[in-house]
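Reader: I have a structure to look at and would like to learn how to read it. Please take me through a few features.

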Amino acid sequence: MALVAIGLYLSWTAGRLDRLHARIDAARAALDAQLLRRASVTQELATSGVLDPAASIVLYEAAHAARQAEEEQREVAESELSQALRAVFAETAQVEAVRAAPGGEAAARELTEAVRRVPMARRFHNDAVRAARALRRHRKVRWFRLAGHAPFPLAFEMDDEPPAALSDRPA
Amino acid sequence: MRIGIVCPYSWDVPGGVQFHIRDLAEYFLRLGHEVSVLAPADDDTPLPPYVVSAGRAVPVPYNGSVARLNFGFLSAARVRRWLHDGRFDVIHIHEPTSPSLGLLACWAAQGPIVATFHTSNPRSRAMIAAYSILQAALEKISARIAVSEYARRTLVEHLGGDAVVIPNGVDVDFFARAEPRPEWQGDTIGFVGRIDEPRKGLPVLMKALPKILAARPQTRLLVAGRGDEKEAVESLPAGLRPRVEFLGMVSDEDKARFLRSVDLYIAPNTGGESFGIILVEAMSAGAPVLASDLDAFAQVLDQGAAGELFANEDADALAEAAVRLLGDPERRAELHTRGSAHVRRFDWSTVGADILSVYETVTSGAAAVAPEDDERTTGLLARLGLARD
């Protein structure tokens, strides 16, 4: 009787863990999508000729590096893209100049959305990671190897502070 | 002639390009030309009267390190205003491929533009989109100058087109007339450069030093430059460490006296050099030069005729050559004579005149430099003659 109860409990825990892993996978996919979207909007802006060539090249290189980065360098490359975006869009006047160009309104909106959604997606992902890590550290999970061979989940750490000129919402 | 010069690097940070621009501007001013230099600088930095601040450079990750660059709306506006107020006959842009003031000025100006390429490596990776962004700005340049044959070759490889080679200038007489200092004389080897920058090659020299001291124990190595002195001598046996003297950062005057005093100047740089101004300065001061055989150095030293070369990064070859030269006063006197004659071509009187003839070539028959009209004002209104000037 006690054995059955323990068995049921363990099985329930394994199910919980499985759901958490699935949540991490989904959150990671969402984060990847947002990061990719941010990099491609940046690249579009950089090659559009709307910005001055110096800013264009800085943004283009940063976005290119972020898209091409290996998994281990990803966090650094994405952080550098955040820094480059902050440097270029430090002034509201720069955003206004983008808006004034043909099609610029849409580009500015896409970029604003992208830089706002990256921190959100990252927070949801890291939140799921934290929950899974807490459960996996528990001794019942470690002793009975309930996590199987799933890799220990890692948080995605990066600088995702959006540029000041893009983060204030228009009234 | 009204000359506008664009400096890509912060005026308040010492560097080869900044010094080159300062000397060039002062040379033209002495000849009676009107010169204005646009450079990044903090707004509260004291600037010489001919320098206009383009605002502070922003640190941003670029090409694998953090670079201080000027870009964006405010910098572009300052470049336009400078071009508008200056009414230059010609503008001279330095380092037009770095995404900073040079590129901005290229983009914002029309008219005779001269550009000097200082680095031998304008782009580390050729990227198709970045290339097209660059090309649109660079094709406005009417004349390109490369500081060495080596820089010209890489420029041609990376960007196509061609350039004339005009070396960096040195005030030869300033070095030739400097007074030697007795405490720096007598079996001394000189090194000038950042201690903690491995490409300047001090580690190679440190590796060679025990052999040099074994053959000539009375030798002293004098090092002028910033960096961690303890770390620099770590590879040396403790007994030899007193043979190395660190002078720290030295003033221009002291550098000239330093180069006048030493028996042998060694440049063990391992790479990243496109010119080698320090070799020219050493030869101007009459110091025999022993340098690594980098392309740029070999060219400055006239393929070994004006100074000796050793195989790059080969500490044994360096030690062997240094011992031989230190023990052969006749050979050193010969290098002194040849070097002093060779450096005349790097004197500002020659280099400045060459640059001025480039200006005259591109300005003859051309209109003055003007800010490129904003696309929005060249639109309908301008065509109808309604645009405000």
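This is a predicted model: local features need pLDDT of at least 70, side-chain atom pairs count only at pLDDT 80 or more; totals for chains, interfaces and linings use all residues.

Reader: In what order do the strands of the open sheet in chain B run?

Author: Strands of a sheet pair through backbone hydrogen bonds, either parallel or antiparallel. Strands (E, at least two residues) and helices (H or I, at least four) are DSSP runs, numbered from the N terminus. Two strands pair if DSSP finds at least two bridges between them. Here, seven strands of chain B follow the order β3-β2-β1-β6-β8-β9-β10, with parallel pairing. At the edges are β3 (51–53) and β10 (164–165) of chain B, each pairing on one side only. Four bridges join β8 (113–117) and β9 (143–146) of chain B, and B:Ala115 stands opposite B:Arg144 in β9(B).

Reader: Which strands does helix α14 of chain B lie across?

Author: Angles run from 0 to 180 degrees between N-to-C directions, with axes fitted to C-alpha atoms, for helices over the stretch in contact; contact means C-beta atoms, placed from the backbone, within 7 Å. Helix α14(B) (348–363) lies across β1, β6, β8, β9 and β10 of chain B, at about 165° to β9(B).

Reader: How many residues does each chain bring to the contact?

Author: Chain A gives 22 residues and chain B gives 22 residues. On the side of chain B that touches chain A, α4(B) gives the most, with five residues.

Key
Residues are numbered from 1 along each chain as its sequence is written. Chains are lettered from A and ligands numbered from 1 in the order in which they are written. Two residues are in contact if their C-beta atoms, placed from the backbone, lie within 7 Å.
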